[in-house]
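Here's a quick tour of a protein model. Have a look at the sequence and the fold before reading on.

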Amino acid sequence: MRLSKRLELLLSFVEPGGRVADVGTDHGFIPVELVRRAIAYKAIAMDVRPGPLLRAREHIRQAGLWERIETRLGDGVERLSSGEADTVVIAGMGGQLVIHILENGRRLWGDVRHWILSPQSELDKVRRFLYDRGFELAREDMVEDEGKYYTVMDAVYRGDRSGEKALTEAEYLYGPKLIGERNQVLMEFLEREERQLLGIMRGLEGKEGEKAQSRREELGRKVEGIRYLLNPGNIPGMEGKDKRQL
């Protein structure tokens, strides 16, 4: 089975030898490949809709992995018990839904070692939720797949982190690990964002009124913030380096 670059990145985040629960499994590609490649020795494919779960069961059957991959119908992790999974994958859904699933799975936070998350929207809200609830982002990475950009996070529950310094707005938006490592795909994404914002600003040229002025100022602040992140000199140890070489 040939997977997309997005799914391959997700698989690379799973530590070998564990038990994995895939929430919103859809076609079941993730659990099938994890077990087939011996990354996981057991998996649970979970979905809230019967249709996708039926498709997942068919793929599991075709792969001959029925005895090692279980399917469960349910909302989020409501049907996952303590001790059944070392890693939980939540991918392919909006940020608010990811937060909803995590919040409802609070009883599992300290039991699951790795929460592998790939929200398709509102990443800043997901990161803020994680930070406020005592999670650490142990790893982040990005990939461009058919013109779209996807972020994958490994969230590890640490408990009370109230004494730690809060993240900056840029870190909530783009990821503290990605910024700190000057992830090349993030740099490409920021350059695209800058071009799009400048295009919108050009469209506002000549327009008068408070609303247009406020919008121009808002866009200008966003462009300024992106340019700050794109400048290697603003990251300690990166002075004088070209971002293309990082």
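Let's start with a pair of helices: helix 8 passes helix 9 in a left-handed crossing. Keep in mind that this is a predicted model. The two helices pack at an angle of about 155°, with their axes 10 Å apart. That angle is over 145 degrees, so helix 8 runs roughly antiparallel to helix 9. Here's who takes part in the contact:

| Helix | Residue range | Among the contact residues |
|---|---|---|
| Helix 8 | 184-203 | Met187, Leu190, Leu197, Leu198 and Met201 |
| Helix 9 | 210-230 | Leu219, Val223, Ile226, Leu229 and Leu230 |

Now for the inside of the protein. The largest nonpolar core has 27 residues, and Leu80, Val88, Ile90, Leu102, Trp115, Leu117 and Leu130 are the ones with the most contacts inside it. Among the elements that each supply at least two residues of this core are strand 4, helix 4, strand 5 and helix 5. There's also a second, separate core of 18 residues, which includes Leu11, Ile30, Ile39 and Tyr150.

Zoom in on Ile90: leaving out residues up to four places away in sequence, Ile90 touches Val23, Val98, Ile101, Leu102, Trp115, Ile116, Leu117 and Ser118.

Last stop, His114, which sits in strand 5. Is His114 buried or exposed? Its relative accessibility is 13%, so His114 counts as buried, the cut-off being under 20%. The side chain of His114 makes a polar contact of 3.0 Å with that of Asp154. Beyond four places in sequence, His114 also touches residues including Glu15, Asp86 and Val88.

Note on methods: Residues numbered from 1 in each chain as written. Predicted model: local features only at pLDDT ≥ 70, side-chain atom pairs only at ≥ 80, totals over all residues. Heavy atoms only, no water. Core = buried A, V, L, I, M, F, W, Y, C linked by side-chain atoms within 4.5 Å. Buried < 20%, exposed > 50% of the residue type's maximum accessible area, 1.4 Å probe, protein only. Helix = DSSP H or I, 4+ residues; strand = E, 2+ residues; numbered from the N terminus. Contact = heavy atoms within 4.5 Å. Polar contact = N/O pair within 3.5 Å; in protein donor to acceptor, adjacent residues only side chain to side chain. Axes fitted to C-alpha atoms, helices over the stretch in contact; angles between N-to-C directions. Parallel < 35°, antiparallel > 145°, perpendicular 65-115°, else oblique. Left-handed = near helix turned anticlockwise from the far one by under 90°.
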